[in-house]
Structures are given as C-alpha cells and as structure tokens.
Amino acid sequence: MDSYRFLSSYYDRFTDDVGYAHWADYFEAVFDRCGFRPELVLDLACGTGSLSGELARRGYEMIGVDASTEMLMQAMNNTMDCDPRPVFLHQRMEELDLYGTVQAVLCCLDSVNYVTDPDVLREALRRAALFLEPDGVFVFDVNTKKKFEAMNGQCYVREDEDVYCVWQVDFDGVRCVYDFDIFARIGERNRWERLEESHVERYYDPDELCVMLENCGFDRIERHPELSFEPCTGDEDRIFIIARKRNV
C-alpha cells in the first residue's frame with residue numbers, strides 16, 4: 001500500500017522545519033571524515049526529492065529511489081532547476097536495482113523505520129550493499145524508542161490556509177501507527193474534502209541494526225546523535241548510523 005497517496009501533495013508544507021541544507025552539510029561532513037567526495041550518490045526512499053535537489057545543486061550526481069509514484073512526481077517538480085537533474089526511479093528499497101554502483105547511499109527521515117518487516121529490511125540493506133562500491137559509505141537515521149514512547153497517545157495538528165492535517169499516534173512498543181485526517185480546500189468554492197491515511201513505523205534496536213549491517217557486508221559502523229559526531233548517550237530522539245561497505 002502506498003502510504004503517501006494523499007499526503008504527498010502536502011508533505012513539503014508539513015516538513016518545512018526539517019532543514020535539508022543542514023542535513024546536506026552533515027552528509028558532506030561525513031564524506032570528509034571518510035576521506036572522499038562521492039561522484040554518484042543514491043538517495044534511498046527520496047520522498048519529494050528535497051535532499052536530492054539540495055545535493056544536486058552542490059554538484060553531486062544524484063539518483064533518487066522511492067516506492068511512491070506520488071512522491072516521485074513531487075520530486076520531479078522540486079528539482080526542475082537542477083543541472084544535471086537527479087535521476088528518479090520507482091522502486092521499493094528491498095527491490096533496488098541500479099545499472100551500476102554508487103559511492104554513497106543516504107536513507108533519511110526514518111525511512112528505515114517504515115520498513116516494518118525485519119526480513120524485508122535485511123534484504124533492503126543487502127541490496128544497498130550490492131550497489132555500493134567497496135569502502136563506500138551508507139548513512140541512515142532511525143527514530144529511537146524514547147521518541148516513539150513520547151509520541152504515544154499524542155495528537156498533532158498542522159495547518160495553513162487551504163489544508164488542515166491532524167494525526168494521532170499509537171505505539172505498542174514495537175509498531176507505531178500514525179492515523180492522518182487531512183482536510184483540503186478544493187477549488188474556488190470554499191469546499192473542503194476529507195482524506196485519510198495510515199502510516200506504520202517499526203522500532204529497531206540499534207544493536208540489531210548493527211548486526212544486520214555486519215551480516216550484509218558493512219563494517220566501521222558508527223552511531224551518533226542527530227546531525228552530530230558525538231557519542232550517543234541514550235537520550236536521543238533520533239540517531240544516525242554510518243557504515244562503510246566492506247572492502248574484501
């Protein structure tokens with residue numbers, strides 16, 4: 001099921017606080033720490049292409065992959081000014097199939113949490129390793145249990161002049177369900193339409209993720225707080241995991 005059938009049209013409005021430039025700065029710092037600047041970068045689960053576009057404007061050749069056709073349509077529109085423009089592919093993470101290899105893979109904004117079957121996630125990590133060059137870097141982030149527990153039972157609202165979105169969160173210790181109600185103004189007659197979507201994420205223990213990575217061909221695995229290179233303290237809402245493709 002496509003979780004972003006309706007929300008894709010409003011996603012950028014509701015995530016205008018993300019700060020993609022800061023994320024891009026962080027990834028460039030990761031590349032510096034790894035001692036290379038990748039020429040070709042894969043944005044896995046690229047969504048509306050905001051990060052792909054930001055990095056493309058900094059001179060990186062980008063490939064964006066996403067399972068949602070609606071999100072990819074937004075991504076195409078959002079990167080019209082890029083030269084060269086990112087290449088966007090409609091693929092699921094666990095079905096990743098590229099024409100060649102890349103030097104870096106990025107997977108952002110808890111996209112890993114959206115893979116709710118651990119076996120499917122293992123295959124997605126294996127596919128990422130398959131198309132990553134030896135010593136290439138893989139960076140992704142995940143929500144922590146602390147964050148999921150803090151959101152449990154909460155209700156959130158975002159609105160502007162022609163859309164109102166409210167969502168409720170239920171976390172059972174493993175799975176986190178977001179139930180969205182979207183009220184959108186249609187046309188010029190002040191008519192409103194109600195749309196509904198449900199999104200599901202899964203909590204993964206960071207130790208479990210590191211074992212998965214090792215089994216899929218990665219080493220030199222690091223964990224850090226959000227947009228940081230400091231050690232984790234256990235009080236994070238989001239952590240970043242950096243891994244290198246094993247050079248056999």
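Begin with L109, whose place is in the loop between β4 and α5. The model is a predicted one. Display the backbone of L109: phi is near 55 degrees, a positive value in a residue other than glycine. Is L109 buried or exposed? L109 counts as buried, because its relative accessibility is 17% and the cut-off for buried is under 20%.

The backbone oxygen of C108 is 2.7 Å from a polar atom of the S111 side chain. Which residues does S111 contact, if its neighbours within four places in sequence are left aside? They are A45 and M93.

Move on to A45, found in the loop between β1 (40-44) and α3 (50-56). A45 has a phi near 60 degrees, which is a positive value in a residue other than glycine.

**The sheet**

Next, show the strands as a cartoon. Seven strands form an open sheet with mixed pairing, and their order is β3-β2-β1-β4-β5-β11-β10. Which strands stand at the edges? They are β3 and β10 (218-225); each has a single partner strand, so one side of each is left without a neighbour in the sheet. From one strand to the next, the twist averages 15 degrees.

Strands of a sheet pair through backbone hydrogen bonds, and the pairing is either parallel or antiparallel. For an example, select β1 and β4: they run parallel and are joined by four bridges. Pick D43 and look for its bridge partner in β4, which is L106.

**Two helices across the sheet**

Helix α2 lies across β4, β5 (132-143), β10 and β11, and runs at about 35 degrees to β11.

Within helix α5, select L121. L121 has a relative accessible area of 0%, so it is buried. Leaving aside neighbours within four places in sequence, L121 is in contact with V112, V115, Y204, L209 and M212. For a distance across the model, select M80 as well: it is 41 residues from L121 along the chain, and the C-alpha atoms of the two are separated by 32 Å.

A pair of aromatic rings is described by the distance of the centres and the angle of the planes. The model has 14 aromatic pairs, counting rings whose centres lie within 6.5 Å. One of them is W23 with F27, an edge-to-face pair at 6.3 Å centre to centre, with 65 degrees between the planes. Why are W23 and F27 separated by about one helical turn? They are four residues apart in helix α2 (residues 20-34). W23 counts as buried because its relative accessibility is 3%. F27, at 1%, counts as buried too.

Now select Y26 and F240. Their ring centres are 5.1 Å apart and their planes are at 65 degrees, so this pair is edge-to-face. Y26 lies in helix α2 and F240 in strand β11 (residues 238-245), so the pair ties together parts that are 214 residues apart in sequence. Y26 and F240 are both buried.

Ring pairs link F229 with W23, Y26, F27 and F240 into a cluster.

**Charges over rings**

Then select R37 and Y60. The charged end of R37 sits over the Y60 ring, 3.9 Å from its centre.

**A cis peptide bond**

For the last stop, select D83 and P84. Which form does the peptide bond from D83 to P84 take, cis or trans? The bond is cis, with omega near 5 degrees. P84 is in the loop between α4 (69-78) and β3 (87-90), and β3 is one of the edge strands of the sheet.

Terms used: Residues numbered from 1 in each chain as written. Predicted model: local features only at pLDDT ≥ 70, side-chain atom pairs only at ≥ 80, totals over all residues. Heavy atoms only, no water. Polar contact = N/O pair within 3.5 Å; in protein donor to acceptor, adjacent residues only side chain to side chain. Contact = heavy atoms within 4.5 Å. Phe/Tyr/Trp six-rings, centres within 6.5 Å; stacked < 30°, edge-to-face > 60°. Buried < 20%, exposed > 50% of the residue type's maximum accessible area, 1.4 Å probe, protein only. Lys NZ or Arg CZ within 6 Å of the ring centre and 35° of its normal. Pairing = 2+ DSSP bridges. Axes fitted to C-alpha atoms, helices over the stretch in contact; angles between N-to-C directions.
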